[in-house]
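My entries follow the order in which I looked things up.

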Amino acid sequence: MGNEHFRFFAPCPRGLEQVLAEELKSFGAHGLRIKASGVHFEGDRACGYRANLYSRIASRILCWLGSGRVREDDDVYKIARRQQWTDHFDLDKRLRVDLSATRARARSLQFLTLRIKDGIIDCFRDQINERPSVDTVEPDVRIVGHLDEESLSLYIDWSGESLFKRGWRGRDDKGEAPLKENLAAGLVLLSQWRHEQALVDLFCGSGTILIEAAQMRFGIAAGIQRTFGFEVLNDYNDTLWRSICDEARTRASNKLAEALKLPRLLGSDIDQAQIDRAKRNALAAGLPDAAISWRCADAFKLTKPDLNMHPDDEGYMLSNPPYGERIAASGDFMQGRSFRDRWPGFTLCVLSAQEDLASLWRMKPKRKTPLMNGAIPCRLFVFPLYARAAQQSNESAL
C-alpha cells in the first residue's frame with residue numbers, strides 16, 4: 001500500500017485555484033498544476049482520502065484512470081472500453097457518466113457520453129457476461145470524462161456528492177441566493193482573516209460564511225459528517241480511512257478549549273427566520289453554542305457596542321450582501337459608506353457583483369479578486385477601514 005501512487009484532478013470555483021493548491025499541499029499533494037477552475041495533483045491513497053475529508057475549496061476529487069487520443073467519435077468508445085472497470089467497482093453499483101469539453105471538436109457531448117457508458121458496459125459484459133445499471137439521480141459510482149482538442153481523459157469520482165455538501169445544511173435552507181460552502185470558505189481564506197481575530201458578517205443569511213470560519217477555528221474537518229464515493233470502490237481501504245477520521249476527530253477535540261477563548265464570531269441579519277436557520281445550521285455543523293453569536297438587526301445601523309465590542313476593537317467584516325434585484329430587501333448600497341464611521345480599525349471584505357462598488361462607496365480597495373458565484377461574475381473587495389483622518393487622505397487620492 002505504501003507504494004500506491006495516484007493522479008488526481010480537483011475542480012473548484014473559478015478564482016480559487018491558488019487557494020486550493022495551497023490547501024492540497026497541506027494534505028501531502030505534490031506535482032501540482034493549476035488549471036482554470038481546478039488543480040491537477042499527485043499523491044498516495046491517504047492524500048486522496050484527506051483531500052476529500054479536509055478540503056474546503058475543492059468541488060470534487062477525481063482520480064485519473066487513463067487517457068487516449070481522439071480523432072473520431074468512435075475513439076471515445078475505444079478508450080472507455082479498454083479500461084479494467086471490473087477492477088474498480090462491482091456489478092451491483094449504479095453508474096453515472098458525465099463528460100465535459102474544452103475546445104473539443106465534438107458534434108454532440110450527449111452522444112459521446114453514451115459511447116463512454118457503452119464502453120464501460122461492454123467491458124462488464126465481456127468479463128462477467130452481465131451489465132451494471134445506470135442511475136443518473138442517485139448513482140453509487142460516477143465516471144467523469146474530459147475532452148479537449150486532441151484527447152479524452154477518464155476519471156473515477158472519489159467524492160460522490162459535491163464536496164461543498166458538508167452534511168450540515170438543513171433541507172429548508174435554500175434561501176434566495178445560497179452561497180455554496182466552498183465559495184464561502186474561499187472568501188474566508190482570501191480575506192486573510194486569522195483565527196485569533198474577530199470576524200463579523202452583518203448579512204449572514206443562513207450563516208454559511210461564519211460556519212465555515214468557525215469550523216476552521218475549531219479544527220473541524222469539512223467532510224467529517226458525510227460519506228464519500230471512494231467508500232464503495234473495490235480498492236477501498238477501511239483501516240486507513242478510519243485512522244484518518246480518528247485523527248481528524250482528535251485534532252478537533254484538542255482545539256476546542258483554546259478556540260472557545262478566542263474573540264467570538266458575530267453574525268447578524270435583518271430577517272429573524274434567517275437567524276433561526278443559521279443557529280440550526282451551526283449546531284448541525286458540530287459547533288458549540290458559544291462559537292458564534294447571532295442577532296437580528298439592520299446591518300447599516302449596527303455598531304461595535306451593539307455587539308458587545310469595545311470601540312477600539314479590530315477585526316474583519318466579511319459578507320455577501322444582497323445584490324442585483326435583491327438589493328431592495330436590505331437597504332441602499334450607498335449606506336455602505338457609513339461602515340467607515342461605525343467600524344474603524346476593521347477590514348471590510350465584500351463579495352459583490354457591482355463592479356463600481358468602490359467608487360460608489362468612495363473607498364479605495366486594498367485588493368479586488370475576481371470570482372464566480374455560480375454563473376454570476378463577482379469580485380471580493382477588501383477595504384481597510386481607517387480612522388476618519390486617514391479616510392479623508394485616502395479619498396483625496398482617488
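**Entry on the pocket.** I note at the outset that this is a predicted model. I looked up the largest pocket and found that about 1,200 Å³ of space lies in it, with 45 residues forming its lining, of which Phe9, Pro11, Ala36, Ser37 and Ser100 lie nearest the centre. When I asked which element gives the most to that lining, the answer was strand β5, residues 95-101, with five residues. By residue class, the lining of this pocket comprises 16 nonpolar, 15 polar and 14 charged residues.

**Entry on the helix pair.** I then turned to helix α2 (residues 45-54) and helix α8 (residues 238-259), whose axes lie 10 Å apart and which pack at an angle of about 45°; α2 is therefore oblique to α8. I recorded the crossing of α2 and α8 as right-handed.

**Entry on the cavity.** How many cavities of 30 Å³ or more does a search of the whole structure find? I noted one, and about 40 Å³ of space lies in the largest cavity. Its lining consists of Leu202, Phe203, Met317, Ser319, Pro321, Phe339, Leu348, Val350 and Trp361, with β11 (315-319) and β12 (346-352) each supplying at least two residues. I classed the lining of the largest cavity as eight nonpolar residues, one polar and no charged.

Definitions and conventions:
Residues numbered from 1 in each chain as written. Predicted model: local features only at pLDDT ≥ 70, side-chain atom pairs only at ≥ 80, totals over all residues. Heavy atoms only, no water. 1 Å grid on protein atoms, 1.4 Å probe; cavity = no way out; pocket = protein on both sides within 12 Å on 5 of 7 lines; lining within 4 Å. Points joined across faces, edges and corners; volume = space filled by probe spheres on them. Helix = DSSP H or I, 4+ residues; strand = E, 2+ residues; numbered from the N terminus. Nonpolar A, V, L, I, M, F, W, Y, C, P; charged D, E, K, R; others polar. Axes fitted to C-alpha atoms, helices over the stretch in contact; angles between N-to-C directions. Parallel < 35°, antiparallel > 145°, perpendicular 65-115°, else oblique. Left-handed = near helix turned anticlockwise from the far one by under 90°.
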